[in-house]
Amino acid sequence: MTTSNPSLSTLDLGIGGMTCASCVTRVEKALKKVPGVTGAAVNLATESARVSFEPSAQIEARLRRAVRDAGYEPRAADALEQEADSSPWAGFAPVAIGLVLSLPLVVPMLGDLAGYHWMLPAWLQFLLATPVQFILGARFYKAGWSALKALSGNMDLLVAIGTTAGWALSMWLWLSAEEGVMAHLYFEASAVVVTLVLLGKWLEARAKRQTTAAIRALHALRPEVAHLMGVDGEVDVPVAEVLVGDTLVVRPGERLPVDGTLLEGHTQVDESMLTGEPLPVTKDAGARLTGGSINGEGRVLMQVSAVGSETVLAHIIRLVEDAQAAKAPIQRLVDQVSAVFVPVVLVIALVTLLGWWLTGHSFEHALIHAVAVLVIACPCALGLATPAAIMAGTGVAAKYGILIKDAQALELAHKVDTVAFDKTGTLTVGQPRLLAFEVAPGHNEASLLVAAASLQSGSEHPLARAVLQAAQVRGLVIEAPDNVRAVPGRGSEGEVGVRSYLIGSLRWMEELGVVMGALAARATALQQQGATVSAMVERTTDGLTLRALLAFGDEPKPGAKEALAILRARGIRTVMISGDNRGAAEAMARRLGLRPEAGEVLAEVLPGDKAAKVAELKQGGHVVAMVGDGVNDAPALAAADVGLAMGNGTDVAMHAAGITLMRGDPQLVAAALEVSDRTVAKIRQNLFWAFIYNVAGIPLAALGFLNPVIAGAAMAMSSVSVMSNALLLRRWQPQRKTGAAAADLNKA
């Protein structure tokens, strides 16, 4: 059980016995009736429910009781995962028995079509068909009866009524036939339909195990044992007993058990299962290590920084599980249809029976057509169409480092026509260098650089780190500042020794009325060259006096220009949002291939105003995606239709975004939009096939063009086709573009 906020908790509950979209609706209604429950989303493909509720005594027991009272089996949340580890042939025994018993019934029917009359004696047909009907088919009676008691319907009820009608008709024809007359019986229809439905459910379950492969692969990344470095040397301990601060030994070729920092040694780490990046990453002392990745050839010591649910791998697993448990908006239409589907089918079957009978046909003839309607109408595929595609899509995306947090983001991303990028850390490396330090006439450069670095020593801002690095390179001794205060979006101020300084943007200096004097022309020149210019002023008895200019420069992130070209080739508008002055922002934009004259650069945007800029881009019905990595990007990520956070950024940004790009590679933005496009296409294809089987099949069965056996085969194949179509998503791979290829796209 997890707590999403202080007042609400969520519980994942496994549910056994669901067979179609109607079951999903019924379980959701039962769960929502439990006092304290605020929401419930049931997923047929994962056979699970995610319930949000206000914590209260025995709430879990009440939820399980509600599931059982609705006619289903409450299970542990990881039951499906445990089942997925079993043999590919698990659960095939009932199908095999059904095939063995049904085959002798089918062969004479096939022979009859070829002109051979091999009809089995009625008593033998009865002995073969009855165990299939009432032993192998017992599950349909049990689930159908539960639905009936709840005054609702499901697939099992349709199968139970249809096959029982065929079996009962055969019994009546056999027992009422004149002595010596061989009546035409329909035992083979009821037996074959039950067997085909069981076969379809088995194939469906086998496909489900493949759709959950992504989750199982992520769980498999966690080793069971860690080598703890203790007082007496190395000791093997279960990973669950590792504590933050422990020192672990990781041998060559082993998986890193938890997150940590490299203390001793040099190695290369394969992080492909976490980031999708195929090349090993070189790690030296002080580097961050992520649990689940594979150590290279070096034996290393690491200090543990996160364990259990706090590790990056646990976070990834949680995101993928959340996405697969979520219900896409398009699924609401399916739920509305399935709520009335079974009662409507029962009415259509009754109308079919009466229509054929009252038009002069025998009751036997009319009943067979009604049975065909009941059998082909089973809404199994309808309930699987959306969740199967979402599971496959989110799974394959996670394999390549694209973590989709919710189904709504997945469904909406393919509609994006505008992508807004934060500049620093997203399109650029995010590690600016101090290019120039221009001091006012008559002042000492070294002493002012010491003061600037000292004032910035407690800040994590990229520009502050650049100042510190410049001072360290020159071997300057940094002092501890006093009374430091950050001014969001503008800069910082504080005291170094007995002097009080402010360092911040030129816009802030203009607001404060600082006179640029002799350095004004130099500031303009640096901006025109593309540098980000800040000013350092001292608070004196005469007011704020300019002491120095600081010019910073950043480099485009590798692949950023190509990423923008790929998006443009897809017909998507790209925009860069930056807090830099217009000159610096436009200079970097041109290096990235953006066109400032076309409105593709939004400069001098304060962090708090980014969300407002995203809202402006959404005007006119545009669907906007925002890509960012910092804390100040979180409001904009939340304001966008789709938020994409760079995985090398902050946790705040990743929580605000619907999609996280683990590699921090801008080219993954286009890949995320593409996997959304492919997934939504699969959802639509699946819904088309699910509906077409019913929309076309029911009238054909009612008009007498389908017999129950063909109807049963078609119904079973509808589920299998939907699952198979969704599994095709597992073949998807993100397309990467080189600089030359992107240039060609630009020309196109």
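Trainee: Does E271 count as buried or exposed?

Mentor: This is a predicted model, in which local features need pLDDT of at least 70, side-chain atom pairs count only at pLDDT 80 or more, and totals for chains, interfaces and linings use all residues. Residues are numbered from 1 along each chain as its sequence is written, and side-chain values use heavy atoms, with hydrogens and water left out. Buried means under 20% relative accessible area, exposed over 50%, and partly exposed in between (1.4 Å probe, protein chains only). The relative accessibility of E271 is 13%, so E271 counts as buried.

Trainee: With which side chain does the side chain of E271 make a polar contact?

Mentor: E271 is placed in the loop between β10 (267-270) and α10 (272-275). A polar contact is a pair of N or O atoms within 3.5 Å; within protein, one must be able to donate a hydrogen and the other to accept it, and residues adjacent in sequence count only if both atoms are side-chain atoms. At 3.3 Å, the partner of the E271 side chain is the side chain of K283.

Trainee: How many helices and strands are there in the protein?

Mentor: Both are DSSP runs numbered from the N terminus: helices are H or I with at least four residues, and strands are E with at least two. The protein has 28 helices and 27 strands.

Trainee: Which residues of α27 make the contact with α13?

Mentor: Contact means heavy atoms within 4.5 Å. On the α13 side, the residues are I368, V371, A372, V375 and I376, and on the α27 side they are P708, A711, G712, A714 and M715.

Trainee: What is the orientation of α5 and α6 to each other?

Mentor: The axes of α5 (residues 122-136) and α6 (residues 138-149) come within 4 Å, crossing at roughly 40°. The two helices, α5 and α6, are therefore oblique.

Trainee: Which residues of α6 make the contact with α5?

Mentor: From α5, the contact involves Q133, F134, I135 and L136. From α6, the residues are A138, R139 and Y141.

Trainee: Which residues of helix α22 are buried?

Mentor: Helix α22 covers residues 582-591. Its buried residues pack against α16 (423-427), α20 (520-528), β21 (532-540), β23 (573-577) and β24. The buried residues of α22 are A584, A585, E586, M588 and A589.

Trainee: Where does the phi of N483 lie?

Mentor: Most residues other than glycine have a negative phi. N483 lies in strand β18 (residues 482-487) and is exposed, with a relative accessible area of 61%. The phi of N483, a residue other than glycine, is positive, near 50°.

How values were computed. Axes are lines fitted to C-alpha atoms, for helices over the stretch in contact, and angles run from 0 to 180 degrees between N-to-C directions. Angles under 35 degrees count as roughly parallel, over 145 as roughly antiparallel, 65 to 115 as roughly perpendicular and the rest as oblique.
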